[in-house]
Amino acid sequence: MKAETVAAHKGGMWAWLFQRITAILLIVCLAIHLTFTHLLNIGDLGYDNVADRLAHGGLTAVDIILLAAGIYHALNGLRMVLMDYWLTSRTRALAVTIVLWVVGIAFLVYGIWGLWPWIGY
């Protein structure tokens with residue numbers, strides 16, 4: 001697909017590119033997360049077991065990347081659907097984009113806050 005064609009579309013080239021990048025990140029990080037949570041995890045899936053798993057900085061980083069990629073991918077997909085079917089004016093599209101960025105950052109901060117006790121554990 002030519003850059004002019006993608007840039008001329010309502011969503012923009014960078015949103016299109018980051019949608020693809022976050023899809024790859026989601027697949028890779030989800031595979032890592034599920035492998036360490038369900039396949040390599042022996043014992044109860046209780047607080048102590050999760051704390052031991054999150055004590056490794058790499059797995060905490062994978063969870064944060066998974067969180068950030070999931071939030072961006074979902075909200076950007078929602079933005080693209082709204083822009084395709086509902087938002088006709090550029091002002092409304094910009095307003096929705098700003099609102100979705102604020103919501104996404106709030107969700108990301110809340111998710112990292114939930115992982116905070118294990119960051120630097």
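Modeller: A cavity is a set of grid points where a 1.4 Å probe fits but cannot get out. The model discussed here is predicted.

Colleague: How many cavities of 30 Å³ or more does a search of the whole structure find?

Modeller: Rolling a probe the size of a water molecule over the atoms shows where empty space is left. With a limit of 30 Å³ or more, the search of the whole structure gives a count of one.

Colleague: Which element gives the most residues to the lining of the largest cavity?

Modeller: Ile32, His33, Phe36, Thr37, Arg53, Leu59, Val62 and Asp63 form the lining. Two elements give two or more of these residues, α2 and α4. The one that gives the most, with four residues, is α2.

Colleague: How many residues in the lining of the largest cavity are charged?

Modeller: The lining includes Arg53 and Asp63. Asp and Arg count as charged. The division is four nonpolar, two polar and, for charged, two.

Colleague: Is Thr37 buried or exposed?

Modeller: Thr37 sits in helix α2 and lines the largest cavity. Its relative accessible area is 8%. The cut-off for a buried residue is under 20%. Because 8% falls under that cut-off, Thr37 is buried.

Colleague: What separates the C-alpha atoms of Thr37 and Asn49?

Modeller: Asn49 is buried in α3, residues 47-54, whereas Thr37 is in α2. The two residues are 12 apart along the chain, and their C-alpha atoms are separated by 9.7 Å.

Colleague: Which elements are included in what covers the buried residues of α3?

Modeller: The residues in question are Asn49, Ala51, Arg53 and Leu54. Their cover includes α2 (13-39), α4 and α5.

Colleague: Which elements give two or more residues to the largest nonpolar core?

Modeller: That core has seven residues: Ile71, Leu75, Met83, Leu87, Ala93, Val96 and Leu100. The elements that give two or more of them are α4 (57-85) and α5 (90-115).

Colleague: Which residues does Leu75 touch, leaving out those up to four places away in sequence?

Modeller: Leu75 is a member of the largest nonpolar core. Leu100 belongs to that core as well. Leu75 touches Leu100, Val103 and Gly104.

Colleague: What is the volume of the largest pocket?

Modeller: The pocket has 16 lining residues, with Tyr72, Leu75, Asn76, Leu100 and Trp101 nearest its centre. The elements giving two or more residues to this lining are α2, α4 and α5. By class, the lining has 11 nonpolar, four polar and one charged residues. The volume of the pocket is about 320 Å³.

Colleague: Among contacts between residues at least 6 apart in sequence, what share joins residues at least 24 apart?

Modeller: Contact here means heavy atoms within 4.5 Å. Of the contacts between residues at least 6 apart, the share that joins residues at least 24 apart is 68%.

Colleague: What part of the chain's accessible surface belongs to carbon and sulfur atoms?

Modeller: Buried residues make up 29% of the 121 residues. The accessible surface of the chain comes to about 8,400 Å². The part that belongs to carbon and sulfur atoms is 73%.

Conventions
Residues are numbered from 1 along each chain as its sequence is written. This is a predicted model: local features need pLDDT of at least 70, side-chain atom pairs count only at pLDDT 80 or more; totals for chains, interfaces and linings use all residues. Side-chain values use heavy atoms; hydrogens and water are left out. A nonpolar core is a set of buried Ala, Val, Leu, Ile, Met, Phe, Trp, Tyr and Cys residues joined through side-chain atoms within 4.5 Å. Buried means under 20% relative accessible area, exposed over 50%, partly exposed in between (1.4 Å probe, protein chains only). Accessible areas come from the Shrake-Rupley method with a 1.4 Å probe; for residues, only the protein chains shown count as cover. On a 1 Å grid over the protein atoms alone, a cavity is a set of points where a 1.4 Å probe fits but cannot get out, and a pocket is an open set with protein on both sides within 12 Å along at least five of seven lines; lining residues have an atom within 4 Å of a point. Grid points are joined across faces, edges and corners, and a volume is the space filled by probe spheres set on the points.
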